[in-house]
Amino acid sequence: FNKCCRNLNLFLYPYDVVRLKNRLGITSDKFIDRHADIVMRDSSFFPDVLLRMSQDEERTCPFLSESGCLVYPDRPDTCRTFPVEQGVIYDAWTKKTSLVHFFRPPDFCLGQYESEQWTTASWANDQDAVIYNKMTIKWSELKSLFQVDPWGREGPTGPKGKMAFMAIYNIDLFRDFLFNSSFLKRYKIKNEVLKKVRKDDVELMKLGFEWVKYFLWGIKTKSIKQR
Ligand code: SF4
């Protein structure tokens, strides 16, 4: 067992980072610094975030120990879903995004030889992945907008790119920016939302998603208005 925790490209979604940094008791800034590799790929104008693997020969996950996964209750969505892989499709007719699943387990995966039968829904329930799946869909809806370049000449590493990355992945820094800069002089945010995001990382992450949509594409949201 645990062969699946080596030699892999483990993509981290924003909700994964929230759960992992809280499990480790560190800020999102520290988590990204210590544990994340940020890479640009041709398929999107927003970078992907991957868990930085150990430098050993097998590129082992840094959270794998002799006794198993050290962050098991907060392990990423991809780990929960394995050996099923998931993707998302957007239905232009219903304007809804949903998950699609592929079952292509590698030879070393012993789970595939067990007799118990699962559906994707019962597997998600068993692995406590339902909330993760919901958050992955939410993130995918925003990420799909990055198929079009929003940066112009400054590129993804320019000021706009840094702000968007902060609001999406580095939420402790985003909270600081929200409450301790001129942000609230420029944007009006409902009081009940502000109250929630002071303490609740997931609500803050959702607000970050909405703000990025508004900031980069002018997509109106219920909670944020320009003053
Ligand atoms: S986070 Fe846990 S389950 Fe996921 S690859 Fe690392 S050790 Fe394995």
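Arginine 52 has 29% relative accessibility, so it counts as partly exposed. Aspartate 37 is also partly exposed, at 31% relative accessibility. Please keep in mind that this is a predicted model.

How many salt bridges does the structure hold? There are 12 salt bridges. In general, side chains of opposite charge can pair when their charged atoms come close.

Another of these pairs joins arginine 23 to aspartate 74, with 2.6 Å between the closest N and O atoms. Because arginine 23 sits in helix α1 (residues 14-24) and aspartate 74 in the loop between β4 (68-69) and α3 (77-81), the pair ties together parts that are 51 residues apart in sequence. Is aspartate 74 buried or exposed? Aspartate 74 has a relative accessible area of 10%, and buried means under 20%, so aspartate 74 is buried.

Next come glutamate 85 and arginine 104, a salt bridge whose closest N and O atoms are 2.8 Å apart. Glutamate 85 belongs to strand β5 (residues 84-91) and arginine 104 to the loop between β6 (96-103) and α4 (120-126), so this contact ties together parts that are 19 residues apart in sequence. Glutamate 85 is partly exposed, with a relative accessible area of 34%, whereas arginine 104 counts as exposed at 54% relative accessibility. Salt bridges also link Lys21, Asp172, Arg175 and Asp201 in a network.

## Aromatic rings in pairs

Now for the rings: the structure holds 19 aromatic pairs. One of them brings together tryptophan 118 and tryptophan 123, whose ring centres are 5.1 Å apart and whose planes meet at 70 degrees, so the pair is edge-to-face. Tryptophan 118 is partly exposed, at 39% relative accessibility, while tryptophan 123 counts as buried, at 19% relative accessibility.

Phenylalanine 146 and tryptophan 217 make an edge-to-face pair too, at 4.9 Å centre to centre and with 75 degrees between the planes. Why does this pair tie together parts that are 71 residues apart in sequence? Because phenylalanine 146 lies in the loop between α5 (130-145) and α6 (159-169), while tryptophan 217 lies in helix α10 (residues 201-217). Phenylalanine 146 is buried, with a relative accessible area of 0%. Tryptophan 217 counts as partly exposed, at 27% relative accessibility.

## A cluster, and charges over rings

Which residues form one aromatic cluster? The members are Phe46, Trp139, Phe146, Trp151, Phe165, Tyr169, Phe209 and Trp217. Here you meet Phe146 and Trp217 again, within that cluster.

Charged side chains turn up over ring faces as well. Arginine 75 lies over the face of tyrosine 72, at 3.8 Å from the ring centre. Arginine 198 lies over the face of phenylalanine 179, at 4.0 Å from the ring centre.

Notes. Residues numbered from 1 in each chain as written. Predicted model: local features only at pLDDT ≥ 70, side-chain atom pairs only at ≥ 80, totals over all residues. Heavy atoms only, no water. Phe/Tyr/Trp six-rings, centres within 6.5 Å; stacked < 30°, edge-to-face > 60°. Buried < 20%, exposed > 50% of the residue type's maximum accessible area, 1.4 Å probe, protein only. Helix = DSSP H or I, 4+ residues; strand = E, 2+ residues; numbered from the N terminus. Lys NZ or Arg CZ within 6 Å of the ring centre and 35° of its normal. Salt bridge = Lys/Arg side-chain N within 4 Å of Asp/Glu carboxyl O.
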